[in-house]
Amino acid sequence: MSMLVIAGYAFCGAAAAGLLGALALRLLRGRSVAVALTVVAAVAVTAMLAGTLAVAEAMFLSGHDLSVVTTVAAMAAVVSMATALLLGRWVVARSRELTLAARSFGEGGSFAAPGGASTAELTALSDELAATSERLARSRERERALESSRRELVAWISHDLRTPLAGLRAMSEALEDGVVQDPARYFRQITAEVDRLNSMVGDLFELSNIHAGTLPLSPTRMSVYDLVGEALAGADPLAREHGVRLVGDRVDSAPVEVDGKEMTRVLANLLVNAIHRTPADGTVAVAAELRDDSVVLSVTDGCGGIPAEDLPRVFDTGWRGSQARTPPAGAGLGLAIVRGIVEAHQGHAAVRNVAGGCRFEVTLPAAATAGG
């Protein structure tokens, strides 16, 4: 009998066993991997045995030879299925450990990869779950920080609104009852309180547009020198009122592409904050310099410095500083608006302590020169 015929008989016998194994795997889909591995091992041994028996029948082997072949195949089947069962139980155990570990961080905890050896696929899955757990932890931390910031903002806004509203109510009742000796002074106070409320509402609207990504910008090419000059002129009356000196030094005339109105507001907020924080006879310095392809605007005050634990929160919504420092009037939105406007211009806002105070820096992309 030629080898081709023998191969044909062996293939037919093995193919029949393979089809039965495929049907068994289909019927058992969704079951444990241990069962699947046992079926695969059984199919391999059965395919070998079926092919051997088919060839033996075709070659008219003796009964003794056939029993020897059958015994050898049976022993191979026992060893193969035992090995597959042990491997399957080990994989199932590792999968269960991984499932329990994944369930812990799915319920708000952190993922801790189970110890011990594992398959390459389960190890890769464990590493990915650990990375996902870290991302979720950072996301939860940001969510908690934002929620805390929102609660603080609502509390501060409520307090800041309640005070002027109570004053307006008292003054209006006094005017209505006719017990006011100087109505003109009351009208001026009412106008001042209304302006203050209007400013707070404007800040909230501006911050809402920033957070929604809908802040309207109309960039134009302008000189930093002109931008700083306008901001200094606008803040000069407030500085005189508080006895603070405004100094504009090292101001380059580098060009920038910015929305003049919004960037003037950035500098105005920084200057107002610096003036309120600087004691009388102190100095607030404004500088602007070209660094590589960026323009850095800085406002340095004499506040005495910001506590290290507060530095990361300076630009958060509603931040007003530690309780040891007296906060200025307002809802604590000025620096949050600064960061939002600067980032809308593809820039960056930062703060650091310097000798006697702190320095706020706004980094903006420099406009391309005419030759560029």
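How many residues apart are Arg 169 and Glu 173 in helix H4 (residues 120-177), and by about how much of a helical turn are they separated? They are four residues apart in helix H4, and therefore about one helical turn separates them. Before going further, note that this is a predicted model, in which local features need pLDDT of at least 70 and side-chain atom pairs count only at pLDDT 80 or more, whereas totals for chains, interfaces and linings use all residues. Residues are numbered from 1 along each chain as its sequence is written, and side-chain values use heavy atoms, with hydrogens and water left out.

Arg 169 and Glu 173 form a salt bridge (a side-chain nitrogen of Lys or Arg within 4 Å of a carboxyl oxygen of Asp or Glu), and their closest N and O atoms are 3.2 Å apart. Arg 169 is exposed at a relative accessible area of 56%, while Glu 173 is partly exposed at 35%; here buried means under 20% relative accessible area, exposed means over 50%, and partly exposed lies in between, with a 1.4 Å probe and protein chains only. Side chains of opposite charge can pair when their charged atoms come close.

The structure holds eight salt bridges, and another of them joins Glu 206 to Arg 265, with the closest N and O atoms 3.3 Å apart. This pair links distant parts of the chain, for Glu 206 belongs to helix H5 (residues 183-212) and Arg 265 to helix H7 (residues 260-277), 59 residues apart. Glu 206 counts as buried at 8% relative accessibility, whereas Arg 265 is partly exposed, with a relative accessible area of 24%.

Because Arg 291 lies in strand E4 (residues 283-291) and Glu 361 in strand E7 (residues 357-365), the pair ties together parts that are 70 residues apart in sequence. Arg 291 counts as partly exposed at 35% relative accessibility, and Glu 361 counts as buried at 13%. Salt bridges that share partners join Glu 289, Arg 291, Arg 352 and Glu 361 into one network.

The wider fold gives these pairs their setting. The secondary structure of the chain comes to eight helices and seven strands, where helices (H or I, at least four residues) and strands (E, at least two) are DSSP runs numbered from the N terminus. Five strands form an open sheet in the order E2-E4-E5-E7-E6, with mixed pairing; two strands pair if DSSP finds at least two bridges between them. Strand E2 (245-251) and strand E6 (348-354) stand at the edges, each with a single partner strand, so one side of each is left without a neighbour in the sheet. From one strand to the next, the twist averages 20°. Within the sheet, E4 and strand E5 (residues 294-300) pair in the antiparallel sense over seven bridges, and Val 286 stands opposite Val 299 in E5.

Two helices lie across this sheet. Helix H6 (residues 224-242) lies across E2, E4 and E5 and runs at about 170° to E2, while H7 lies across E2, E4, E5 and E7 and runs at about 175° to E7; axes are lines fitted to C-alpha atoms, for helices over the stretch in contact, and angles run from 0 to 180 degrees between N-to-C directions. Asn 273 lies in helix H7 and is buried, with a relative accessible area of 13%. Not counting residues up to four places away in sequence, Asn 273 touches Leu 335 and Phe 360, where contact means heavy atoms within 4.5 Å.

Which cysteine sulfur is nearest to that of Cys 303? The structure holds zero disulfides, a disulfide being a pair of cysteine sulfur atoms within 2.5 Å. Cys 303 is in no disulfide, and the nearest cysteine sulfur, that of Cys 358, is 3.5 Å away. Cys 303 counts as buried at 17% relative accessibility, and Cys 358 counts as buried at 1%.

For the chain as a whole, buried residues make up 32% of the 372 residues. Among contacts between residues at least 6 apart in sequence, 69% join residues at least 24 apart.
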